[in-house]
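Here are my notes on the model you sent. They begin with one term and one residue, then turn to the chain as a whole.

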Amino acid sequence: MTISQTDARPMYLQILEQIRERIAAGDWPPGRELPSIRGLAAELRVSVITVKRAYLELEGEGTIVTRQGKGSFVADSDGLARELKQRELDGHLTAAAEVGRILGLDDDALATRLRRARRKLERQ
């Protein structure tokens with residue numbers, strides 16, 4: 001995990017999103033223990049408060065669970081990785097819709113571009 005000083009996002013969001021990505025990719029399966037807050041803060045050279053905020057947000061959305069005295073773990077939820085991927089897709093589609101709006105594209109033009117992008121991926 002890395003923190004970019006040139007990234008405009010707050011550091012806790014960078015941590016949160018990297019954890020989500022690892023879970024969504026299946027690298028961190030349900031039940032896997034996360035690094036301790038203090039350990040991750042030391043590794044990333046950020047404050048404990050920064051890591052704790054990321055963990056609290058993940059806990060609030062049900063992505064991780066924290067057991068007092070034992071640590072934080074990836075939630076045991078069927079389909080968590082898929083749900084995280086769907087959220088990621090929704091974020092990308094929202095961004096694409098925003099760019100389409102800026103370019104003055106209507107829904108059909110935007111859908112056509114999406115289909116074209118999908119066909120391009122299928123040919124690779």
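1. The model is predicted: local features need pLDDT of at least 70, side-chain atom pairs count only at pLDDT 80 or more, and totals for chains, interfaces and linings use all residues. Residues are numbered from 1 along each chain as its sequence is written, and side-chain values use heavy atoms, with hydrogens and water left out.

2. T63 lies in the loop between α3 (48-60) and β1 (64-67). Helices (H or I, at least four residues) and strands (E, at least two) are DSSP runs, numbered from the N terminus.

3. Why is T63 counted as buried? Because its relative accessibility is 0%; buried means under 20% relative accessible area, with a 1.4 Å probe and protein chains only. Leaving aside residues up to four places away in sequence, T63 touches I23, L58, F73, V74, A75, L80, L84 and R87, where contact means heavy atoms within 4.5 Å.

4. The protein has five helices and two strands, in the order α-α-α-β-β-α-α from the N terminus. Of its 124 residues, 24% count as buried.

5. Among contacts between residues at least 6 apart in sequence, 50% join residues at least 24 apart. The C-alpha atoms fill a box of roughly 55 × 35 × 25 Å along the principal axes.

Conventions
Buried < 20%, exposed > 50% of the residue type's maximum accessible area, 1.4 Å probe, protein only.
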